[in-house]
Amino acid sequence: MENSLYVSPSPHIHGGDSISKNMYGVLIALIPAFLVSLYYFGLGALIVTWVSVVSCVLFEYLIQKFLMKKEPTICDGSAILTGVLLGFNLPSNLPVWIVVIGALAAIGIGKMTFGGLGNNIFNPALVGRVFLLISFPAQMTTWPLVDATSAFPLTYTDAATGATVLSLMNEGISVKDLPSYTSLLSGAHGGSLGEISAFALLLGFAYMLWKKIITWHIPVTIILTVFVFTGILHLVNPVSYASPFLHVLSGGLMLGAIFMATDYVTSPMTKKGMVIYAFGIGLLTSIIRVFGSYPEGVSFAILIMNALTPLINMYVKPKHFGEK
C-alpha cells in the first residue's frame with residue numbers, strides 16, 4: 001500500500017501567502033508614515049511606537065503562555081502590527097503607562113478574549129484606542145504641535161500642544177485658518193503620530209495593492225463615501241461645512257480606511273460585502289464628524305461595522321462553484 005492516495009480537505013491549491021508574510025508586508029507599507037512621524041514628532045513618536053509594540057508582543061506572549069496554555073505565536077507579526085497601529089493612533093506625547101494600558105486592552109480584550117488571531121470580532125488596535133479615549137479623554141486629545149522647521153525634535157511629554165484640523169473644523173474655524181492641502185499631504189499639522197501625512201499613507205496603500213495584500217474595494221469605497229457625503233453638505237452650505245478634500249486628507253480617515261478597515265479577520269469575505277461594509281464606515285464617519293460631539297469618527301465607525309461583519313457575510317455569500 002505504498003501508493004495509497006490520501007485525500008485532505010479543500011482547499012488543495014496553495015497560493016504562497018501566509019499570516020506572517022502578509023503581516024510583515026503591512027508593516028513595510030507603514031514605514032513611510034512612520035518616517036514622517038519621526039521627522040515631525042521625533043523622540044515622542046519613537047517612544048510611543050516602541051512601547052506600544054513591545055507591550056503588545058509581551059502581553060500576547062504572557063496570555064498565550066500562562067493563561068491559554070498554548071504555544072505563543074508572537075513571531076507571526078500580528079502582535080507587532082497591532083502595536084504599530086495602536087501607536088499610530090495615539091498622540092506622540094502620551095505617557096508610557098497609558099500606552100501600556102492601551103496595549104493590554106488591545107491584546108487582552110480586543111484579541112485574546114475571543115481566542116486569538118482569526119477569532120477576534122473587533123480590530124484590536126482600535127479596541128485599545130477607543131478604550132484609552134474613553135478612559136483618558138484629556139491625555140488622548142492633547143496633540144503636540146508640529147514644528148516644520150525642526151527634524152526629529154527631542155521634546156516628548158513637554159511638547160507644545162494645540163488642536164487638530166478636525167477639532168478646528170468642529171469649532172467652526174474659518175477655512176482660511178486651516179492647514180493647506182500641501183500641509184495635510186506632507187504631515188505638517190497636528191494629530192495622532194501615524195495619521196498626519198496622507199501622502200505617506202497613500203504610498204503604503206500603493207505598495208499593498210502592488211503586493212496584493214489587500215484589494216481596493218474597502219479603502220476606495222470609504223474615501224469616496226466620505227467625499228460625496230461631505231461634498232453634498234459643503235455644496236449646500238459652504239460656510240458651515242468644510243470642503244470634502246479637508247475631510248479626506250485630515251484626521252484618521254486614510255489610516256483607518258487603508259490599514260485598519262481592511263483587516264482580514266474583521267472585514268467581509270466577498271467584494272460585494274466589502275463595499276457594503278466600507279459604505280457603512282464612510283457614512284458613519286461622516287455623520288459623527290459633522291453632527292457628533294467627537295471631531296473624529298473613524299474608529300467608532302470601523303468598530304460598529306466590525307460588529308456587523310458576520311451579518312454581512314451571512315447575507316452576502318459568493319456563488320457555489322458551477323452555479324449560474
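1. Start with a charge and a ring. Lys211 lies over the face of Trp210, at 4.5 Å from the ring centre. Keep in mind that this is a predicted model.

2. Now look at ring against ring. Across the whole structure, a search finds eight aromatic pairs. One of them joins Phe227 and Phe245. Their centres are 5.0 Å apart, with 80° between the planes. That makes the pair edge-to-face, because planes over 60 degrees apart count as such.

3. This pair links distant parts of the chain. Phe227 sits in helix H11 (residues 217–236), while Phe245 belongs to helix H12 (residues 244–249). The two are 18 residues apart. Phe227 is partly exposed, at a relative accessible area of 30%. Phe245 is partly exposed too, at 44%.

4. Tyr294 and Phe300 make an aromatic pair that is tilted. Tyr294 has 37% relative accessibility, so it counts as partly exposed.

5. The structure holds one cavity of 30 Å³ or more. The largest cavity has a volume of about 280 Å³. It is lined by 21 residues, and the closest to its centre are Met23, Leu81, Leu85, Phe259 and Asp263.

6. Which helix gives the most to this lining? H4 does, with four residues. Helices that each supply at least two include H1 (19–29), H6 (124–135) and H13 (253–260). By type, the lining divides into 13 nonpolar, six polar and two charged residues.

Terms used: Residues numbered from 1 in each chain as written. Predicted model: local features only at pLDDT ≥ 70, side-chain atom pairs only at ≥ 80, totals over all residues. Heavy atoms only, no water. 1 Å grid on protein atoms, 1.4 Å probe; cavity = no way out; pocket = protein on both sides within 12 Å on 5 of 7 lines; lining within 4 Å. Points joined across faces, edges and corners; volume = space filled by probe spheres on them. Nonpolar A, V, L, I, M, F, W, Y, C, P; charged D, E, K, R; others polar. Phe/Tyr/Trp six-rings, centres within 6.5 Å; stacked < 30°, edge-to-face > 60°. Buried < 20%, exposed > 50% of the residue type's maximum accessible area, 1.4 Å probe, protein only. Lys NZ or Arg CZ within 6 Å of the ring centre and 35° of its normal.
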